[in-house]
Amino acid sequence: AVRMLQREGLLIGKPNRRFVVAPFSFGNLEQIYAMRLVLEDAAVRASVPRMSPEDIADLRGHLAQMEHFAGHGDFDRWEIPHQAFHTGLIVHAGERFRATLSELLDHGERYRRYYMVNEPALGAQAAQEHGAIFNAVAARDAEASARSLAMHLSRTACGVMDMIRPGDVPPVLDGILH
């Protein structure tokens, strides 16, 4: 387990078999979100046209749970329907997309947690963004769904990056977004 955490960049080995938690990394965060932007955009575009009414109802339920837990400031419980919501957006994209995006979602959790805890007012903005994504999905508009998702992911990533290194422009994300 320790080796796996080390390979994932979450632990750093020190002399005498000691390990420390890896600090936040601007580059790591940027790469996680750049990969999510590209992959999740493609996966949403592939998945939305194939969604059933049950898939959309599941997304609505996850969204309601996220709003409930955000209203109580309970990030631990909020994260569960949040991950389920993003997984539900790509339900029909294929197993490789789901596996890769699930891993990226997990890797980004500590950054999201930091963001949500240190900027609680942004929870309302995140709720609006998730609502916009849902509305586009419910309307079966794959293009608008992907566009709303990209705006949400880029705002989250840039917000956390600004907390880590204020004023720095993330070059990889900037290149993808422009």
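**Briefing: Helix H8, the largest cavity and selected residues**

Asp141 caps the N-terminal end of helix H8, with one of its side-chain oxygens 3.3 Å from the backbone nitrogen of Glu143. The model described here is predicted. Helix H8 also contributes four residues to the lining of the largest cavity, which is the largest share of that lining.

**Helix H8**

- Helix H8 covers residues 142-164, a total of 23 residues.
- From the first C-alpha to the last, helix H8 reaches 33 Å, which is close to the 33 Å expected at 1.5 Å a residue.
- Ser148 is one of the residues of helix H8.
- Ser148 counts as buried because its relative accessibility is 17%, and the cut-off for buried is under 20%.
- When residues up to four places away in sequence are left aside, Ser148 touches Ala132 and Ile133.

**The loop between H7 and H8**

- Arg140 belongs to the loop that lies between H7 and H8.
- The phi angle of Arg140 is near 60°, a positive value in a residue other than glycine.
- Arg140 has a relative accessible area of 37% and is therefore partly exposed, a class that lies between the 20% limit for buried and the 50% limit for exposed.

**Cavities**

- The structure contains three cavities of 30 Å³ or more.
- The volume of the largest cavity is about 100 Å³.
- Fourteen residues, given as 14 in the count, line the largest cavity.
- Of these lining residues, Trp78, His82, Arg112, His152 and Thr156 lie nearest the centre of the largest cavity.
- Two or more lining residues come from each of helix H2 (26-47), helix H4 (75-89), helix H6 (109-118), helix H7 (122-138) and H8.
- In terms of residue class, the lining of the largest cavity is made up of six nonpolar, five polar and three charged residues.

**Gly71 in helix H3**

- Gly71 is part of helix H3, which spans residues 53-71.
- Gly71 counts as exposed because its relative accessible area is 65%, and the cut-off for exposed is over 50%.
- The C-alpha atoms of Gly71 and Ala124 are 8.7 Å apart in space, while the two residues are 53 residues apart in sequence.

Conventions:
Residues are numbered from 1 along each chain as its sequence is written. This is a predicted model: local features need pLDDT of at least 70, side-chain atom pairs count only at pLDDT 80 or more; totals for chains, interfaces and linings use all residues. Side-chain values use heavy atoms; hydrogens and water are left out. The expected span of a helix is 1.5 Å times one less than its number of residues. A polar contact is a pair of N or O atoms within 3.5 Å; within protein, one must be able to donate a hydrogen and the other to accept it, and residues adjacent in sequence count only if both atoms are side-chain atoms. On a 1 Å grid over the protein atoms alone, a cavity is a set of points where a 1.4 Å probe fits but cannot get out, and a pocket is an open set with protein on both sides within 12 Å along at least five of seven lines; lining residues have an atom within 4 Å of a point. Grid points are joined across faces, edges and corners, and a volume is the space filled by probe spheres set on the points. Ala, Val, Leu, Ile, Met, Phe, Trp, Tyr, Cys and Pro count as nonpolar, Asp, Glu, Lys and Arg as charged, and the others, Gly among them, as polar. Buried means under 20% relative accessible area, exposed over 50%, partly exposed in between (1.4 Å probe, protein chains only). Contact means heavy atoms within 4.5 Å.
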